[in-house]
Amino acid sequence: MTAAPHQDPAPHQDLALYHDLALHQDPLPQPDLTLHHDVVLHQDPAPHRGLAPHQDTTPLGRLVATVERLRGEVRAAHEAADGRALVELAKGILIGQLSCTPAAAARQLDELSRETGLSPLDLAADIVNQAARDHVSEVAAEFVERTGTLGPAEPSTRVAVRLRTAESGMLAAADDTQAVAESLLTNAFKPLGAIAVAVWTAAPDGSLALAGYAGFPPGEAARWRHVPPGVSTVARLALSERRLVTLASLQREGLPSIAHLHWPDGGRMAVPAGTGGRIHGVLEICWPQPLAPQPPQIERQVEALAELCARTMDTASPGDPGLPEALLPDVSELTDLAEGLHDPAVVLTPVLDPAGRLTDFRIRHASSRFVDPAGRQRADVNGALLLEAYPMAAGENGLFDIIERVHATGEPFRAERMSLTALVDQIPLTSVADISVSRHGTAVLLIWRIEDETARLADLLQHAQRLGRIGGFEENLVTGGITWNAQLYALHGLPAGAPPVPLRELPGYAHPDDSAALDRFLRAVLRHRSPASVDLRLRRPDGITRHIRVVAEPVLDADRRLYAVRGAYQDISAQHWTEVALAATRDQLAHTAAESAERNRLTLQLQHAIMPPTPPAVEAPGLRVAVRYRPAESESLVGGDWYDTVVLPSGLVMLSVGDVAGHGIEAATGMVVLRNALRGLAVTGAGPAQLLSWLNTVTHHLAKNVTATAVCGLFDPRTRVLRWARAGHLPPVLVRGGEPETFPLIEGLLLGALPDVTYLEREVRLEPDDTLLMFTDGLVERRDSSVEESLLHLVHAAASGVGDLDGQLDRLLAESRSDTDDDTCVIGIQVG
């Protein structure tokens, strides 16, 4: 017996019986507050808000306290009535399932309450959820599943009680939206901390009307009775986006709404209220303080209540999934309207799933003027589903989205030159049409006007002539009639009503220098009857001269006699002056190219005079010196690389390589200055560090805008000691016994960066058969690798070196992976 409430309900259980049981119970007595309400409205309520009777013993104060007490009793009576309606509904379900009397059902409910430990109200909500299997029961069940993972929360039974109690209150006041709003606030939203509720109805023109409210001041509600179309409010945002919208703070979001001045920092939640794919209005809930992000189960509860609210707003329930499609209203009237239209029209009705959600639209009627973009007849689409007939309409922001939005909100949609795509033998075919979509009751009227191909081509030709500045003409040589289009009048600078200029009179409007060319053109067309064209300078009445190209062809009759000429004028002034400018530019570029080539030739001659690509062998005591110099592949990239080996008066041998930044004559002349300066400074007998310090001074003060890198070494043949220093250059590589190693990277700033720089120098004693390599970065540098990686590759290549010094240097150049097209200098020193 105790398990009876948990049995599966009958397959066709009709819940209307239980609603009737709840609605036909004995109502609670309602006190008459008319007199007290009038008294309260005519006084200043602020001083007496929340005043206890003992705080004001005046007659007026006692009256106010009595009114407040009676109001509280009325609210409590309403809450008790809503709860009693839920209990009576559960009793009705037990009567139907157990086939018992109302008294037995009441005893069964009490017994189940004692056995389960639940209150009669909680147990009643559970029984109704199990029997209803509707959206509210789904939300309650979902809350039960999620409660375990969301931490402390409201008991699931209380969620069901709140939702079912609110439902009972709304059903009891189904025709009174104001009472529906009050029931929602009292039973459903106050436990969530909300302070006010507004129910808006949406009109097809996009306006909103305040159909019911609770918790808002009466004066505030009167100011928000009507919201015109296009005004951005919280409810408008939810309606346009067709989803639940949560605003943490009204003031922060900057959206106005009812009572936004009373609780400016309060949170708002708005959700569209609709059934069967149609949105009837918006349910808006107000919190007095900022609203924290709400968990999904709270949002689901609000959506479920909005759906219940929508059912009270649409009492006819034309979109009820249980209503046979053949009985849908508005279709016959809409069909007659579609037949009376000149443009093709389609009448659509919504198709809902068992849960009442919109899934598609059925094509109820295609008018007699129906033109299918895919070429099908109206009989091929009548009765079909929209997405079956036109699957390409399901694309994002496509035709189906538009129809769904119009059906939901009632706001009509119109667009010109919209693309419609249909599948023809699995090949997409796109047409251009003017579209109109409007809702009429529950049905939707879709009107399209496929763009006429002839009109489209004529319009295309007109725009092409305007963009190309082309004017067309036809001259009848028999009657003398001449036809010009509007563009040709504009090219001639004549008003639209002026007489056209015949071809024979065209020389009188052209520049005298173009007379000969015009005569040849006219003879070819009028005498030899062959197509021809001519370019001329047309002198217009407004004094402006335009460069015009005239193209004409003769028109012959059946006897091969010339009776008309057709052709076109094109304004080529911009093209003419562009060609003139291009010719001048070509001449300037040719002159500049010649100057650049000569400049590069002289620079290359200067560089080769000082740095020959195949330098002679250098003779030095105790040393075998070989040099390789590889110029850049492009003559335009003549650089500033240099090398030098010279035996000084002291007997020391100076070895140096360097690289001036940049290319061209500036880099080449800078290289000459620095190379010769270093030679002269080396005669002083100073060490390599001092030589680089002096060379930096020369670079900074005497060589304009020049920077460079260099390595300088002084080798003493008697002791085989090499002293060296560097200025921003890569260090030398020493190969000893077939094992290469790089000299340490000592400090040294590049030349010319600062006026005074001190350089460091190091010493290394070379052994017989040692090979020393000094080089510029053109040997190793790559665009896709770091300098360290490229230097490591050079070290590996030097390690495998065999043969004489010249062969080693040739092999290093051959195996170089450099891709910067820069000059390359390599000095090889082999100790004897």
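## Buried aromatic residues

A residue counts as buried when its relative accessible area is under 20%. In this predicted model, Trp-484 has a relative accessible area of 11% and is therefore buried. Tyr-489 has a relative accessibility of 13%, so this residue also counts as buried. The rings of Trp-484 and Tyr-489 form an aromatic pair in an edge-to-face arrangement, with 5.1 Å from centre to centre and 65 degrees between the planes.

## Aromatic pairs across the chain

Seven aromatic pairs are found when the whole structure is searched. One of them joins Phe-370 and Trp-448, whose ring centres are 5.8 Å apart and whose planes stand at 40 degrees, a tilted arrangement. This pair connects distant parts of the chain, as 78 residues separate its two members. Phe-370 belongs to the loop between strand 8 (358-366) and helix 14 (378-381), whereas Trp-448 is part of strand 11 (residues 443-450).

Phe-370 and Trp-448 are both buried. Together with Tyr-390, these two residues make up one aromatic cluster.

## Packing of helix 21 and helix 22

Two packed helices are described by the angle between their axes and by the distance between those axes. For helix 21 (residues 665-682) and helix 22 (residues 688-701), the angle is about 140 degrees and the axes are 10 Å apart. Angles over 145 degrees would count as roughly antiparallel; helix 21 is therefore oblique to helix 22. The crossing of the two helices is right-handed.

On the side of helix 21, the contact is formed by Val-673, Leu-674, Ala-677, Leu-678, Leu-681 and Ala-682. These residues meet Leu-691, Trp-694, Leu-695, Val-698 and Thr-699 of helix 22. The residues of this contact comprise 10 nonpolar, one polar and no charged.

## Arginines with positive phi

Arg-242 is a residue other than glycine with a positive phi, near 55 degrees. Its place in the chain is the loop between helix 10 (234-241) and strand 4 (245-247). Arg-242 has a relative accessible area of 29% and is therefore partly exposed.

Arg-560 likewise is not a glycine, and its phi is positive, at about 65 degrees. The loop that holds Arg-560 runs between strand 15 (545-556) and strand 16 (562-571). Is Arg-560 buried or exposed? Residues count as exposed over 50%, and Arg-560 has a relative accessible area of 57%, so this residue is exposed.

How values were computed: Residues are numbered from 1 along each chain as its sequence is written. This is a predicted model: local features need pLDDT of at least 70, side-chain atom pairs count only at pLDDT 80 or more; totals for chains, interfaces and linings use all residues. Side-chain values use heavy atoms; hydrogens and water are left out. Helices (H or I, at least four residues) and strands (E, at least two) are DSSP runs, numbered from the N terminus. Buried means under 20% relative accessible area, exposed over 50%, partly exposed in between (1.4 Å probe, protein chains only). Rings of Phe, Tyr and Trp (its six-membered ring) pair if their centres lie within 6.5 Å; planes under 30 degrees apart count as stacked, over 60 as edge-to-face and the rest as tilted. Axes are lines fitted to C-alpha atoms, for helices over the stretch in contact, and angles run from 0 to 180 degrees between N-to-C directions. Angles under 35 degrees count as roughly parallel, over 145 as roughly antiparallel, 65 to 115 as roughly perpendicular and the rest as oblique. A crossing is left-handed if the near helix is turned anticlockwise from the far one by less than a right angle, and right-handed if clockwise. Contact means heavy atoms within 4.5 Å. Ala, Val, Leu, Ile, Met, Phe, Trp, Tyr, Cys and Pro count as nonpolar, Asp, Glu, Lys and Arg as charged, and the others, Gly among them, as polar.
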